Amino acid sequence: MSVKEYSLETSHGTIAVRESEGTGVPVLLVHGNSSAGAVFRNQLEGELGKTYRLIAPDLPGHGNSSDAIDPERSYCMEGYADAMAEVLRLLNVEKAVVFGWSLGGHIGLEMIKRFPGMLGLMITGTPPVAPDEVGQGFKPSKHMGLAGKEQFTAEDVENYARSTCGEPFEAFFLDVVGRTDGRARRIMFEKFAGGTGDNQKEIVATAKVPLAVVNGIDEPFVNLDFVSKVTYANLWEGKTHEIAHSGHAPFWDKPAEFDPYLKRFVADVSA
C-alpha cells in the first residue's frame, strides 16, 4: 500500500507529512514526544489507511520536519496544537477526527478550541490533568525524567525509545528519538510545569466534542485509575477502554486490538 510523503511550509517551520491512500473521513494522527509520524506505520499501511484519509505530520523539531522557527512559540502543547491546526487549514481539511498519542493527546486537547471542525478526539497515554495534578496523572517511571531532558546520550536514546514504544522494537525508533531537537523536550516541559496551556481536566469536563480514551493496560507512565475517574463531558461509549498485554503505544504493540477501536470511533462520530 502506498503512503505519500510531502512537506508543508507553515509559520512554525517546514512540516513533513505522511498520508494514506484512503479517501474517507480525514483522521489526523499526532505522535508523542521525541517520535514521528512514522510510528503510525501500521495504521497508514493497513486497513484503516485504505479506508480513511490518515494524515500523520511530524511535529516541529521532530522526524523529517524542520526545527521550529521560533522554539519558544512552537515547543509547547499549545504551540504544537496551533501547528497541527495550521496543517489542516493548509490541506483544506474542514472536518476531521483527531487521534493523539501521549504528548499528541495533550496536543489534541489543546486543538479543540483551535480546530472547530474536530469531529471527535481519541487519546492514548494522555492523562487530562490540572496543573496541580501532574503527580497524580502520571506515575513514577525509571525513564520518565528523560521526557524533559535536552541533551540525550546514546543510552538515553535507546532507553527512551524502548520505554515509549515497547515491542516489537525497530531501529527507526532510535533514529527518530536521536533526531529530535532537544530544545523541544526541555522547553515543552518547562512550559508544562509553568502551566502555560489550558487546564486539560477542565477541557475534558466541558468540551462537547466526543472523546475516546483508549490505553494499554500495562501503561508504564500514566495512572490509569486517575484517567478512569476524571469527569468527562462527552466520553465515548461512557467509559475508558484498556487493551490487554499492551503498553504506552497500543496502536504499535497491539494494532489488531487497537485499530478496531479507532475504526469504530471514526464511524460513530462521523455518521
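Buried means under 20% relative accessible area, exposed means over 50%, and partly exposed lies in between (1.4 Å probe, protein chains only). The model is predicted, so local features need pLDDT of at least 70, side-chain atom pairs count only at pLDDT 80 or more, and totals for chains, interfaces and linings use all residues. Residues are numbered from 1 along each chain as its sequence is written, and side-chain values use heavy atoms, with hydrogens and water left out.

**Stop 1**

Select Glu110 and Arg114. Their side chains meet in a salt bridge, 3.3 Å from N to O. The term covers a side-chain nitrogen of Lys or Arg within 4 Å of a carboxyl oxygen of Asp or Glu. Side chains of opposite charge can pair when their charged atoms come close. Which of these two is buried, and which is partly exposed? Glu110 has 1% relative accessibility, so Glu110 is buried. Arg114 comes to 25%, and therefore counts as partly exposed. The structure holds 20 salt bridges.

**Stop 2: a link across the chain**

Now select Arg179 and Asp67. This salt bridge has an N to O distance of 3.0 Å. It links distant parts of the chain, 112 residues apart. Arg179 is in helix α8 (residues 172-179), while Asp67 is in the loop between β4 (53-57) and α3 (71-74). Helices (H or I, at least four residues) and strands (E, at least two) are DSSP runs, numbered from the N terminus. Arg179 is partly exposed, at 26% relative accessible area. Asp67 is partly exposed too, at 33%.

**Stop 3: Arg162, a charge with two contacts**

Go to helix α7 (residues 154-165) and pick Arg162 and Glu158. They lie four residues apart, about one turn of the helix. Their salt bridge is 2.8 Å, N to O. Arg162 is partly exposed at 37%, and Glu158 is partly exposed at 31%. Next, show Phe169. The charged end of Arg162 sits over the ring of Phe169, 3.8 Å from its centre. For that label, NZ of Lys or CZ of Arg must be within 6 Å of the ring centre and within 35 degrees of the ring normal.

**Stop 4: aromatic pairs**

Show the rings. Those of Phe, Tyr and Trp (its six-membered ring) pair if their centres lie within 6.5 Å; planes under 30 degrees apart count as stacked, over 60 as edge-to-face and the rest as tilted. The count comes to 14 aromatic pairs. Select Phe152 and Tyr160: the centres are 5.9 Å apart and the planes are at 50 degrees, so the pair is tilted. Both residues are buried. Move to Phe169 and Phe173, an edge-to-face pair with 5.5 Å between centres and 75 degrees between planes. Phe173 is buried, at 2% relative accessible area. Then select Phe40, Phe99, Trp101, Phe251 and Phe258, a cluster linked by ring pairs.

**Stop 5: helix α4**

Finish on residues 77-90, helix α4. How many of its 14 residues are buried? The number is 11, and α4 is mostly covered. Among the buried ones are Met77, Tyr80, Met84 and Leu88. After α4, click Asn92: its phi is positive, near 60 degrees.

Note on methods
Expected span 1.5 Å × (residues − 1).
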